[in-house]
Amino acid sequence: MLNRTKVAMTLLTSYFVNKQNRYDDKDDAFLSLTKGKSMNDHPVFDVWLFEDGTVIYKGIENVKKTGIHRTTLSLNLLDKIKALALNLSSKEIGDAKGRDNPLSIIKYNDRKIVYQSARARGNLLELNTLLEHVANSLNDSE
């Protein structure tokens, strides 16, 4: 009986460790957002979104929560984010001006978009707003 219990515990531990490690490789994320530093005290963080709706947030500076935190998105919100990302246009980026506003970087489908959120327009602005909302809600949660 004791051996069966040990085997069961080993299998359960192995399952949960593997499930947790599945998100350690951020390159597996289908979309990421990086909010960089600026001359002002803007939040600095990274967000990675995975196909199953898992979100990993890493608070870096000028945020309530530093370190790595996880949450899950609804499928509707995930689909909306994917649709916006698919329809991004270079015309929506705007010109980067000054160091007062931080640079943001979105990576999606082997594309890298560098922009200032204050100058973004259209789908890029809406996508940025949604991703910041996800980060803020995770940052504000207990």
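Q: Let's begin with the largest pocket. Which strands each supply at least two residues of its lining?
A: Those are β1 (31-35), β2 (44-49) and β5 (103-108). Strands here are DSSP runs of E with at least two residues, helices are runs of H or I with at least four, and both are numbered from the N terminus.

Q: Before we go on, what kind of model is it?
A: It's a predicted model, where local features need pLDDT of at least 70 and side-chain atom pairs count only at pLDDT 80 or more, while totals for chains, interfaces and linings use all residues. Residues are numbered from 1 along each chain as its sequence is written, and side-chain values use heavy atoms, with hydrogens and water left out.

Q: Back to that pocket: which strand gives the most to the lining?
A: β1, with four residues. The lining has 16 residues, and Lys26, Asp27, Ala29, Ser32 and Lys107 lie nearest the centre.

Q: What counts as a pocket, anyway?
A: On a 1 Å grid over the protein atoms alone, it's an open set of points where a 1.4 Å probe fits, with protein on both sides within 12 Å along at least five of seven lines; lining residues have an atom within 4 Å of a point.

Q: How much space is in the largest pocket?
A: About 250 Å³. That volume is the space filled by probe spheres set on the points, with grid points joined across faces, edges and corners.

Q: And how does its lining split by class?
A: Seven nonpolar, three polar and six charged residues. Nonpolar covers Ala, Val, Leu, Ile, Met, Phe, Trp, Tyr, Cys and Pro; charged is Asp, Glu, Lys and Arg; the others, Gly among them, are polar.

Q: What about the second largest pocket, what's its volume?
A: About 150 Å³. Its lining includes Lys35, His42, Phe45, Glu132 and Asn136, and the residues divide into four nonpolar, four polar and two charged.

Q: On to the sheet. What's the strand order?
A: It's an open sheet of six strands, β4-β3-β2-β1-β5-β6, with antiparallel pairing. Two strands pair if DSSP finds at least two bridges between them. The edges are β4 (67-72) and β6 (111-116), each pairing on one side only.

Q: Where do β2 and β3 meet?
A: They run antiparallel, joined by six bridges, and Phe45 stands opposite Gly59 of β3. The two form a hairpin with four residues between them, and Gly53 in the turn has a positive phi of about 95 degrees.

Q: How many bridges join β3 to β4?
A: Six, again with the strands antiparallel. Ile56 has Arg70 of β4 as its bridge partner, and Thr54 stands opposite Thr72. That hairpin has five residues between the strands, with Asn62 at a positive phi near 60 degrees.

Q: Now the helices. Which strands does α3 lie across?
A: Helix α3 (residues 122-140) lies across β1, β2, β3, β4, β5 and β6, at about 80 degrees to β1. Axes are lines fitted to C-alpha atoms, for helices over the stretch in contact, and angles run from 0 to 180 degrees between N-to-C directions.

Q: At what angle do α2 and α3 pack?
A: About 145 degrees, with their axes 9 Å apart. Contact, meaning heavy atoms within 4.5 Å, is made by residues including Leu77, Ile81 and Leu84 of α2 and Leu127, Leu130 and Val134 of α3. The contact residues divide into eight nonpolar, one polar and two charged.
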